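Please look over the sequence and the model shown here before reading the notes.

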Amino acid sequence: MFGDNNKEPTEIFLKNESLDLDFLPSLSRAQLSKFNGVEDTKLYVAIKGYVYDVTTNDKSYGPGKAYNKLVGKDVGRLLGLNRLQLKEEDGRVPDTWDLSDLTEKQLKIVDDWVVFFKMRYPIVARIEDDNQ
């Protein structure tokens with residue numbers, strides 16, 4: 001399960017892997033958006049429906065910092081496309097969590113990001129499938 005990146009699992013990774021994901025608190029995407037370092041001091045990033053607390057890395061994710069555009073969102077699509085924000089397509093901006101049209105290679109990139117986040121940041125919640 002640990003993948004092919006040959007790094008030893010961190011304590012955070014092992015804790016994340018041992019969580020009973022069914023018993024995590026759930027957040028709607030609207031609730032998640034408040035964990036942006038401004039409305040709430042916590043900094044949360046979600047990928048594939050699970051919420052990671054990146055507050056300890058406020059130098060990268062805090063307000064005005066390089067990765068702050070990822071905070072308060074479910075960002076699988078952004079990571080798979082290697083973007084910090086999405087461009088308008090067909091008159092609308094795609095949902096940041098919609099992976100339905102990503103290629104196999106892009107989905108692999110998203111999965112690699114999941115491992116990256118699991119190694120460094122605790123999973124604190126899951127996203128309700130509210131399609132907001």
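The points below cover the sheet, the cores, a pocket and some single residues.

This is a predicted model, in which local features need pLDDT of at least 70 and side-chain atom pairs count only at pLDDT 80 or more, while totals for chains, interfaces and linings use all residues. Residues are numbered from 1 along each chain as its sequence is written, and side-chain values use heavy atoms, with hydrogens and water left out.

**Sheet**

- Helices (H or I, at least four residues) and strands (E, at least two) are DSSP runs, numbered from the N terminus.
- An open sheet of four strands runs in the order E1-E4-E3-E2, with mixed pairing; two strands pair if DSSP finds at least two bridges between them.
- Strand E1 (26–27) and E2 are at the edges with a single partner strand each, so one side of each has no neighbour in the sheet.
- E2 pairs with strand E3 (residues 50–53) in the antiparallel sense, over four bridges.
- Across this pairing, Val45 stands opposite Tyr52 in E3, and Ala46 has Val51 as its bridge partner in E3.
- E3 also pairs with strand E4 (residues 123–127), in the antiparallel sense and over three bridges.
- Here Tyr52 stands opposite Ile123 in E4.
- In a regular strand, side chains alternate between the two faces of the sheet.

**Turn and loop residues with positive phi**

- E2 and E3 form a hairpin with two residues between them, and Lys48 in the turn has a positive phi of about 50°.
- Lys48 counts as partly exposed because its relative accessibility is 41%; buried means under 20% relative accessible area, exposed over 50%, and partly exposed in between (1.4 Å probe, protein chains only).
- Asn82 is not a glycine, yet it has a positive phi of about 55°.
- Asn82 is found in the loop between H4 and H5 and is exposed, with a relative accessible area of 69%.

**Nonpolar cores**

- A nonpolar core is a set of buried Ala, Val, Leu, Ile, Met, Phe, Trp, Tyr and Cys residues joined through side-chain atoms within 4.5 Å.
- The largest nonpolar core has 21 residues, of which Val45, Ile47, Tyr52, Val54, Tyr61, Val75 and Phe117 touch the most other members.
- Strand E2 (44–47), helix H4 (76–80) and helix H5 (104–120) are the elements that give two or more residues to this core.
- H5 provides the largest share of this core, three residues.
- Apart from this core lies another of eight residues, including Leu27, Tyr44, Val51 and Ile127.
- Ile47 is in contact with Tyr52, Asp74, Val75, Gly76, Leu79, Val110, Trp113, Val114 and Phe117, leaving aside neighbours within four places in sequence; contact means heavy atoms within 4.5 Å.

**Second largest pocket**

- On a 1 Å grid over the protein atoms alone, a pocket is an open set of points where a 1.4 Å probe fits, with protein on both sides within 12 Å along at least five of seven lines; lining residues have an atom within 4 Å of a point.
- The second largest pocket has a volume of about 210 Å³, which is the space filled by probe spheres set on the grid points, joined across faces, edges and corners.
- Its lining has 14 residues, and Tyr67, Leu70, Leu79, Leu84 and Trp113 lie nearest the centre of the pocket.
- Helix H3 (58–61), H4 and H5 are the elements that give two or more residues to this lining, and the largest share, three residues, comes from H5.
- The lining divides into 10 nonpolar residues, three polar and one charged; Ala, Val, Leu, Ile, Met, Phe, Trp, Tyr, Cys and Pro count as nonpolar, Asp, Glu, Lys and Arg as charged, and the others, Gly among them, as polar.

**Two buried loop residues**

- Leu43 lies in the loop between helix H2 (29–32) and E2 and is buried, with a relative accessible area of 1%.
- Leu43 touches residues including Phe35, Tyr52, Val54, Tyr61 and Val71, not counting residues up to four places away in sequence.
- Val71 is in the loop between H3 and H4 and is buried, with a relative accessible area of 6%.
- Among the residues that Val71 touches, not counting those up to four places away in sequence, are Leu43, Tyr44 and Val45.
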